Amino acid sequence: MNYKEVTWKNKRQIGKMISMVENAVEGHEEIFKEIYEKTGSAYVIGITGPPGAGKSSLTDSLAKNFISKGKNVGILAIDPTSPFTGGSILGDRIRMNELSTHPQAFIRSMGTRGQLGGLSAATSSAVQVLDAVGADIIIIETVGVGQSEVEIVKHADSILMVMVPGLGDDIQAMKAGIMEIGDVFAINKSDLPGANKTKIEVEAMLSFMPKRDWIPPVLLVSATAEEGIDELVKELENHREHQDKEGRLFERRKRNLNELLLEVVQDKVFRQIRKDMDYPEVLEQLTKKEIDPYAAADLLLKKI
């Protein structure tokens, strides 16, 4: 299979490629060897925020807006995985039913599979595939796990933080975590009471953050009513232009590639260790407390 020849029209093949890298099946490394030089053109937007903020609805509205401008939009919707069964509902595609068959859209639901930070372990790889096959915009919608959901900053060019009216003291609790990674803030469900108050609270909280050359705008939007979406898209585009002008986009992408490289190295080391014939014996020694975890790790790493 010549993966270089896969284009945006080959949706089935794109899905197979993402499945291969997601599950690290035999031959998945060949995909990157062929497509990597074609990456780097797509604009990656990460959408995060508290559960129930309407991230899926807003993702749907943003994607339609970009599509109306002639853009190809790839969506990676991350869903939580059960710690008991390993299964995931992957229900975000249901909310984006109209987009799922659009020729300019590609939607992929991915389970976290135990990965912390609201993302799937294969997120970076899936972004690379969509970028190489012709996506102009890639939207990553995270699970929504609260203050710990900061991993998205390692994968996206711009971070859209979605909030809703009535958060109250929750905004105070967020300031040490996800509040600091937002590049653009959207108060969704702006038709609800308290929307303006929430906007003022978020702006006040941002004023206490360390000063940056980009001041995150806070917008009132309603995904279901399609209100404020044009302005939101404009601010996201402004942020990209600002990064380009200041040379920050290159640095941000270099940092993201550093994370991808470390993920690949970690995955290779982990798989090699699990294949080691001595792994069960070392685990048994650790269980019997004959050795400590660090000594056990040294024993396994010496085999690589």
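Predicted model: local features only at pLDDT ≥ 70, side-chain atom pairs only at ≥ 80, totals over all residues.
How many residues has helix α3, and how far does α3 reach from its first C-alpha to its last? Residues are numbered from 1 along each chain as its sequence is written, and side-chain values use heavy atoms, with hydrogens and water left out.

**View 1. Helix α3 is mostly covered.** Helix α3 spans residues 55-68. Its 14 residues reach 20 Å from the first C-alpha to the last, close to the 20 Å expected at 1.5 Å a residue. The expected span is 1.5 Å times one less than the number of residues. Helices (H or I, at least four residues) and strands (E, at least two) are DSSP runs, numbered from the N terminus. Eleven of the 14 residues of α3 are buried. Buried means under 20% relative accessible area, exposed over 50%, and partly exposed in between, with a 1.4 Å probe and protein chains only. Among the buried residues of α3 are Leu58, Leu62, Phe66 and Ile67. Just after α3, Gly70 takes a positive phi of about 85°.

**View 2. Helix α7 has a buried side and a face turned away from it.** Helix α7 runs over residues 195-207. Its 13 residues reach 19 Å, close to the 18 Å expected. Ala195, Thr198, Val202, Met205 and Leu206 are its buried residues. They lie on the same side of α7 because they cover an arc of only 100° around the axis. The arc is that of the directions from the helix axis to the C-beta atoms. The face turned away carries the exposed residues Asn196, Lys197 and Ile200. An α-helix has 3.6 residues a turn, so residues three or four places apart point the same way.

**View 3. The second largest pocket holds about 290 Å³ of space.** It is lined by 16 residues. Closest to its centre are Val127, Gln128, Arg253, Asn256 and Leu257. Helices α5 (123-133) and α9 (248-275) are the elements that give two or more residues to this lining. On a 1 Å grid over the protein atoms alone, a pocket is an open set of points where a 1.4 Å probe fits, with protein on both sides within 12 Å along at least five of seven lines; lining residues have an atom within 4 Å of a point. Grid points are joined across faces, edges and corners, and the volume is the space filled by probe spheres set on the points.

**View 4. Glu226 has a positive phi.** Its phi is near 55°, and the residue is not glycine. Most residues other than glycine have a negative phi. Glu226 sits in the loop between β7 (218-220) and α8 (229-246). At 43% relative accessibility, Glu226 counts as partly exposed.

**View 5. Lys289 lies in the loop between α10 (279-287) and α11 (293-301).** Lys289 also has a positive phi, near 65°. Its relative accessibility is 72%, so Lys289 counts as exposed. Leu283 lies in helix α10. Leu283 is partly exposed, with a relative accessible area of 43%. Leu283 and Ala296 are 13 residues apart in sequence, and their C-alpha atoms are 7.6 Å apart in space.
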